[in-house]
Structures are given as C-alpha cells and as structure tokens.
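Please keep the model open in a viewer while reading. The stops below say what to select and what is found there.

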Amino acid sequence: MHGRKAYELVKEFASGEKGHLKIFNNELFERVIEECNEHHNALQSLIRKMQEEGLEVQTAKNADHYGALVHHLSLTRNKRCLMAYVYNRAEIIRDLAWKVGLLHELPSEIQEKFGDSEEQYFKDHSKSLKLYMSQLSLDVNVDMVPPKDPYIKVRVLEDLGSGIILSDKSANFARHSMHFLKRTDAEQYISRGLMEELTG
Amino acid sequence: MASSGGEWSAEQIDDYEALISTTDVELLKKAWRNEKASPEILPFEEALVKRAKEQIQLMEETVDDFEESGHDPLIVSLYQMDLDRVQFLLRSYLRVRLQKIEKFMFYIWKTDTYRNRLSIEEEKFTERCIRDMGKHLEETVLSKMPDNYQSVLKQSVISEEDDMVPEPQLDTFVVAKCERTTRPLYLDGSRQSAGFDSRDDHFQMVPGDLCILRYRPFQEELTSGNISLV
Amino acid sequence: MANYYNIDDILAEEEFVPVVFHKAANGVVIDPSSETNSVEQGAKVELPLWLAQELYLRQAISISVPACFSQRTRLEIQADAACVDLKSRSPYFYEFGCKIAPLVGDKTIEILLLSAFKIRYKEILTKAYTAVFTTTSKFLTLLTKEETNLYEAAQASMAAFKKWRMGGPRLQRASVLGRKRKPLD
C-alpha cells in the first residue's frame, strides 16, 4: 500500500517521549523521498500515455487519469509526512534554543540526534532570539516561572569554576557547594542541569 | 525619604504606591492573561510595554539607591518583589507572543490583520523565523521533491490555495469575563458564528458575567475590551 | 490545511476504510487481490483514509462504514461505554469517526461518538483524580489517544496544584535535555 513508509516515519516520531528528539532516521527518510520520485515517474508516464492518445489529462477521466491521480495523492501524502517529521522536530529544537540557548554547548547526547541541517537550524534560531532580545534590551528566556522569592538556595552539581560573575556578586561554583543566588541568575544553570534548587 | 524601620509614614506609603503605579500593572496583567488565553496573536500593547519598561528601570534605580543608602531591608525587598513581578509579567507577555509567532509564522506573515499586530522587533523576528524555517525545510525536504511539489506553501502547483499553512484554532473554548456589556450577538446553532441581530434569542454578557465560550464569535468583544480572558 | 503539520491528524488519516471502486485505475498497486498493476471497476479494496477521502471527492469510489463502527461495537458501547477497548478499535476512534461520518452518510456515528465520549470522559476525570495504580493501569489501555491526553492533562494539573500547595523546587532541569546521567566521579 502506498504511503506506509511515510506512516512509519511519522509514527516513529510520535512514539518518542513527548518533547524529546530521537536520532534522525536518515534511512527511512531517504526511502520515503525515493518513493516520491517513484510516484512521480509513474505519474509522468501515465500522463504521457494519455497525451499520446490525444486525451486531455485533467478532463478525460479514464483508468490512466485515476491511476495518475492515485500517484499524485500518494506523492503529496509522502511530502506531508516528510514535512511534518522535520517541522515537528524543529519545534523541539526551538524549545532547546529557548531553554539552553546559544551561549552554551549542547550536550553531545543531544547533538548526536540532529539530522544534517538541524544543527544549523538550532544555531539560526538561537541567533534570531538573541537578536530580538538585544533589540529590546530585555531577556525573555529567563524568569520562566512567576517570582516567589527573589533569592533561592541551590546546590552546584558539577564543577563550574571559580570567580563566576553574577548580577550581584561573584562566586566559586565548586561541585557540591551551596549558594544563595538571585533566581534569575540561577535559572539558566538549573535549566541545564548544572545546579538544583533546594527547598526546606 | 525617612530610613528608619518600623511604621511607614503616609508619605512613604504614597511614594510607594505612586512608584508601583498599580493601574499599569493591572493593565499589564490583563494584557498578559488575554494573550496567554487567546489562540490568536492580539494587537501589541506598544504604549503599555514602553511604560512598563520605564517603570522597571525606575524601580531598579530606586532599589539600587535604597541598598546603597542602607535603607530598611524589608522595604527594599518589598520593592524588589514588586519589581520582579512586573518584570515577570512583561517577559511572559512578550514570550507568549514570540511563541505564537513561532507556531504560526507563515500565516501571520501573509495575513495583514495579524501582521499589523506585531511590534517592529516582532516583525523582524517573524521574518527571520520564516527565513530559517524555509531554509531548513528546503534543504531537508523540498529540494528533493519532484518539480511542481517543491513549494513550502502549496502541496503542489495544482493546489488552489496555500494548503500547507498552519492556522490558529479560533473555535477553541476560552473562559471569558465581562468588563462592559457586550453587543447582542446572535449565535447559530453550533455557536460558531455570530451576526448582528435584534432577534429575541440573542446572547449578551453584562459586567461580572463569567462564561465558557467558543473564541471565534467573540473576537471583537475581546479586542474592544468588552470582555477579557481568564 | 490548518492541520497540515499535525501529527495526530496525519496518523488518524492512516486508518483503513472499505471502498468499492466505481472507476478503474491503471498503474497502481493498491489492490492486493489484483494480478495486474491496476484496480478494476467494482473491486472491493481497503484503502487508507487519506487516499479514500480524495478519491471519494472525485467520485471514483464509494466508502462503507469501517469495522470500528460496526453494530457489534455500537452495542458494546451502549451496554457499558467505559469498559470498551476503544484503543484496539482505533487509537484515533473519535477523530476517525468525525472524518468518516460525512463520507459514508451515516448520521448515527455522531451520536455514538458523543455518547461514548460523555460517559468515558467522566470515568477519565474520576480516575485521574483518585488514581490507584493497579486498577487504573488496565483502564488506561482502553483509552484512545485523545482520551489519554485528557487523562494526562488532568493528572498534570492535579500534580501542579499539589506542588503549589506544598511548595518545593519550582525550577527544574529542562525536560528537553532528557534524563540526568550520573556525573562521573
């Protein structure tokens, strides 16, 4: 049946954990593209046959016309699945740009999942966000939860070095050290899993 | 301003309230709530955003002054908390709008009503989003499609309209509060469209009413300020 | 197409429907019972909805009610909607039903969907708020995709509410980064 490989591709995307990228399935992706070309070839040859018989392709509704129609519909179906696969992955990549941002290296386990053009898209989108923020002189990717306390207690989970400059002081972020930081300073570190918020 | 701790003078309370300018915060909160709840992008509150930014700046300077002059730390932290709240509202408001742009970039760009609702910076952002996304889709999919199937807006050249463009779901349900009496609306059986009618079975909200309704028929009531979303 | 990129919409349209071809079609391999590369006029075939829909609109085929909405399923739903395994009929039972109803000219499907949904919706909300793991997990396997989304939304809002009441860390590691790996010592 037509469109089954395309369906597999979309299904694979949907079966992943929501909001997480699986590794880009190059093999299946290329297979669907190949099928698009196969459908196009079949479509073209049916059209040529009709033209040779002197028939108007759009209006002469014979078996060749309907065969061509089926191939056209299968082609657009495959296209839709391919586009949806890339588009929905791009949504997750944009989320990464928001949460992790351009300044920081993405963890390698995420970079491995990117397809060829996805890394560039990540960078491009991060740049667009940065540009917007600098035009407004306002960061929109911090302050992601409503403020309760201006300062929060955090524990550092990985060695981040000393003399780190924050908005109101400088600090040494050795692993396991605990600090009282401005919420907006701590947010990006927590988001990247480098610190955790402590309560109680 | 007196710097001793303890009771607040009337002067201090007045200054505090003047600085916080509750009306603008309320307006910002409402704009934020509307934008969060609405499926479509709403008109940009340019003047309000400008004022909010100015006030934030003023509050930041005040907090800095207080800290330097050894002001009562309780009062300082109260100002700080209010500052944080206004900043959060402003950031969240802008953020929600950017995320709507990311979701409906093609549709917003080609629909004048929506395009005109963007700030200058948002318009530039939209342009870049489209360029980046277009490039990405082109490289991964479209350039590999047969001729006649390479458009990012039309499934194929025989499509009569742009049939690949995601649109906001205007028939979604929202919770709306009435601020001013709405115009009488005649809703059809499915309550999906409205027309002006003075027939008896019209629908009207009065101030204080809280209703769950489909968004679409009430678009104008929202932009005119007769209702606000919760 | 407002839903062009919508994954659930795409998956829902992969559901198969029984059709009869009124016109023949050449050069296609969609009829497994055909010995040639074509479909004959009068052939009975199962096609995916995305294809059937368009062929129907161009009057090449007619569509009959799919197995999902058979008499048997209807009776089961009427008997006890909350216990029917709708997921095994189709994970997109409601979406599929909405799309297929106008194509087969069956007005009763709408009523069926509405009544099933109403009853099951109540069950879903009740279970979401009073979740006892063992009894709930069997129930979850009966739910369609849309119902599962509802269940998860209800649970998430319940959890958020509890968290708000009890306090606790509100800033979290970005979920998009995946599970934490144990830091190497």
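What is the mean pLDDT of chain C, and what percentage of its residues reach 70 or more? The mean is 87, and 92% of the residues of chain C reach 70 or more; pLDDT is the predictor's confidence in each residue, from 0 to 100.

This is a predicted model, in which local features need pLDDT of at least 70 and side-chain atom pairs count only at pLDDT 80 or more, while totals for chains, interfaces and linings use all residues. Residues are numbered from 1 along each chain as its sequence is written, and chains are lettered from A and ligands numbered from 1 in the order in which they are written. For the complex, the predictor gives an ipTM of 0.87 and a pTM of 0.86.

**Stop 1: confidence along chain C**

Helices (H or I, at least four residues) and strands (E, at least two) are DSSP runs, numbered from the N terminus. Where pLDDT is low, the predicted coordinates should not be read in detail.

**Stop 2: the domains of chain C**

Select residues 7-64 of chain C for domain 1 and 68-164 for domain 2; such bounds come from an automatic or database domain assignment. The C-alpha centres of these two domains of chain C are 29 Å apart. Their contact takes 10 residues from domain 1 of chain C and 9 residues from domain 2 of chain C, where two residues are in contact if their C-beta atoms, placed from the backbone, lie within 7 Å. On the side of domain 1 of chain C that touches domain 2, the elements giving two or more residues are helix 1 (7-12) and helix 2 (49-57) of chain C. That side divides into 6 nonpolar, 2 polar and 2 charged residues. Here Ala, Val, Leu, Ile, Met, Phe, Trp, Tyr, Cys and Pro count as nonpolar, Asp, Glu, Lys and Arg as charged, and the others, Gly among them, as polar.

**Stop 3: a helix pair in chain C**

Next select helix 6 (residues 108-129) and helix 8 (residues 145-166) of chain C, whose axes come within 9 Å and cross at roughly 35°. Axes are lines fitted to C-alpha atoms, for helices over the stretch in contact, and angles run from 0 to 180 degrees between N-to-C directions. The crossing of helix 6 and helix 8 of chain C is right-handed: the near helix is turned clockwise from the far one by less than a right angle. Show the side chains of R120(C), I124(C), L125(C), A128(C) and Y129(C) in helix 6, which meet E147(C), L150(C), Y151(C), A154(C), Q155(C) and M158(C) in helix 8. The residues of this contact divide into 8 nonpolar, 1 polar and 2 charged.

**Stop 4: Q59(C)**

Move to Q59(C), in the loop between helix 2 and strand 5 (61-63) of chain C. Phi of Q59(C) is near 60°, a positive value in a residue other than glycine. Is Q59(C) buried or exposed? Q59(C) counts as exposed, because 10 C-beta neighbours lie inside 10 Å. A residue is buried if 20 or more other C-beta atoms lie within 10 Å of its own, exposed if 12 or fewer, and partly exposed in between, with C-beta atoms placed from the backbone.

**Stop 5: chain C against chain A**

Show chains A and C together. The contact joins 34 residues of chain C to 48 residues of chain A. Helix 1, strand 2 (25-26) and helix 2 of chain C each supply at least two residues of the side that touches chain A. By class, this side of chain C has 19 nonpolar, 8 polar and 7 charged residues.

**Stop 6**

Chain A is divided into domain 1 (4-136) and domain 2 (151-198), with C-alpha centres 40 Å apart.

**Stop 7: chain B**

Chain B has 8 helices and 5 strands. Of its 230 residues, 25% count as buried. Finish at N148(B), in the loop between helix 7 (120-140) and strand 1 (173-178) of chain B. N148(B) has a positive phi of about 80° although it is not a glycine, and it is partly exposed, with 15 other C-beta atoms within 10 Å.
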